[in-house]
Amino acid sequence: MTLARLAPAIFVLLWSTGWVVAKYAAFFADPLTFLVLRYAFAILLFIGFCVVTGARWPRSWTTIGHAIVSGMFLHGLYLGAVWWAIGQGVPAAISGIIAGLQPLMTAAVAPFMINENLTRLQQAGLVLGFFGIALAVLPKMVAIDTAATQIEFLPVVVNVLGMAAVTYGTLYQKRHLQNGDIRAIATLQYAGALIVTVPLAFALEDLHVTWNLQLVAALAWSVLGLSMGAIALLLYLIRRGQVSRAASLIYLVPPLAAVQAALFFGEALTLPMIVGTIIAVTGVYLTNRKAAGPAPSADRAGSAAAS
């Protein structure tokens, strides 16, 4: 089994644990403050990893700038918006539906930004995947006690803007960073994330952190498993193929997170969640299925972006 075959499954498994980490971390630190710590440690570890493994740093200031800007969108604005919105009371079920917008956003914008077009079968797979996610989390949305849970409009809007940010950042990555050492690019991206997250944390939070074993464990996994492992795989997947196909993997994250919640927290795994997961998996399969015949226009887009 090559990395190309294993990378999608490993990415989904790692990224889905972010929901569990967020649930734990919220008890011990403010969301944006936790992200600042996560990004700072990620930079330090990535720098050490680059030095030990002999990574090649970009010599062009243009490439450095592109890496920093992509990090501002992929990490700073995306996770900052989502974590802040959840901290402000947006239920995980609604956040899961919003997360399902990303692959659809990516497919809609990709033809204009990077000249990437999907086949009709792949388009059907994206729509089917979103339908599966909606079916999986809709019962939880219906079960929300609106009288006891006041969902404000602004946090929901911020959550949607976070999805738009990661969509743009993913396409920006595909367009401007097709070449270069992924290790060095990832390091610079977390520098961009700090540029966004640090001032937001100072402006919106009290910088509350309660240091204990649980926080250290959540921080360690966030840095090693998510910021280093999952993100490196995502950048690898974006570079290898169509960005819409890579984004479609996000459909598998909420259902898998629900399974983990059932295993670790005893949350109910309902029939709609199981059926929705099966539908979402089918949608991802269709979206990532290689079309027969001539190569898709994404190959031309990749060569154009690299020039």
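## Close-up views of a predicted helical model

**View 1. Gly225 in helix α9.** The place of Gly225 is in helix α9, in a model that is predicted. Gly225 counts as buried because its relative accessibility is 6%, and buried means under 20%. Apart from neighbours within four places in sequence, the residues in contact with Gly225 are Leu14, Ala220 and Ala230. Leu14 lies 211 residues away from Gly225 along the chain, yet the C-alpha atoms of these two residues are separated by 6.4 Å.

**View 2. The whole chain, as a setting for the close-ups.** The protein has 13 helices and 0 strands, so that, read from the N terminus on, its elements run α-α-α-α-α-α-α-α-α-α-α-α-α. Of the 307 residues in the protein, 49% are buried. Among contacts between residues at least 6 apart in sequence, 92% join residues that are at least 24 apart.

**View 3. Helix α2 along its length.** Helix α2 covers residues 31-53, and its 23 residues, at 1.5 Å a residue, should span 33 Å. The end C-alpha atoms of α2 are 32 Å apart, which agrees with that expectation. The buried residues of α2 are Leu32, Thr33, Phe34, Leu35, Val36, Leu37, Arg38, Tyr39, Ala42, Ile43, Phe46 and Cys50. Just after α2, Gly54 takes a positive phi of about 70°.

**View 4. Thr33 and its surroundings.** Thr33 is found in helix α2, and this residue is buried, with a relative accessible area of 7%. When neighbours within four places in sequence are left aside, Thr33 is in contact with Ala201, Glu205, Leu207, His208 and Val209.

**View 5. The packing of α2 against α9.** Helix α2 and helix α9, the latter made of residues 213-240, pack at an angle of about 55°, with their axes 9 Å apart. That angle makes α2 oblique to α9, and the crossing of the two helices is right-handed. On the α2 side, the residues that meet α9 are Phe34, Leu37, Arg38, Phe41, Ala42, Leu45 and Phe46. On the α9 side, their partners are Leu215, Ala218, Leu219, Ser222, Val223, Leu224, Leu226, Ser227 and Met228. The residues of this contact of α2 with α9 divide into 13 nonpolar, 2 polar and 1 charged. Several of the α2 residues in the contact are also buried, among them Phe34, Leu37, Arg38, Ala42 and Phe46.

**View 6. The packing of α7 against α9.** Helix α7, which covers residues 153-176, packs with α9 at an angle of about 55°, and the axes of this pair are 9 Å apart. That makes α7 oblique to α9, and α7 passes α9 in a right-handed crossing. The contact is made by Thr170, Gln173 and Lys174 of α7 together with Leu235, Ile238 and Arg239 of α9. By class, the contact of α7 with α9 has 2 nonpolar, 2 polar and 2 charged residues.

Technical notes: Residues numbered from 1 in each chain as written. Predicted model: local features only at pLDDT ≥ 70, side-chain atom pairs only at ≥ 80, totals over all residues. Heavy atoms only, no water. Axes fitted to C-alpha atoms, helices over the stretch in contact; angles between N-to-C directions. Helix = DSSP H or I, 4+ residues; strand = E, 2+ residues; numbered from the N terminus. Parallel < 35°, antiparallel > 145°, perpendicular 65-115°, else oblique. Left-handed = near helix turned anticlockwise from the far one by under 90°. Contact = heavy atoms within 4.5 Å. Nonpolar A, V, L, I, M, F, W, Y, C, P; charged D, E, K, R; others polar. Expected span 1.5 Å × (residues − 1). Buried < 20%, exposed > 50% of the residue type's maximum accessible area, 1.4 Å probe, protein only.
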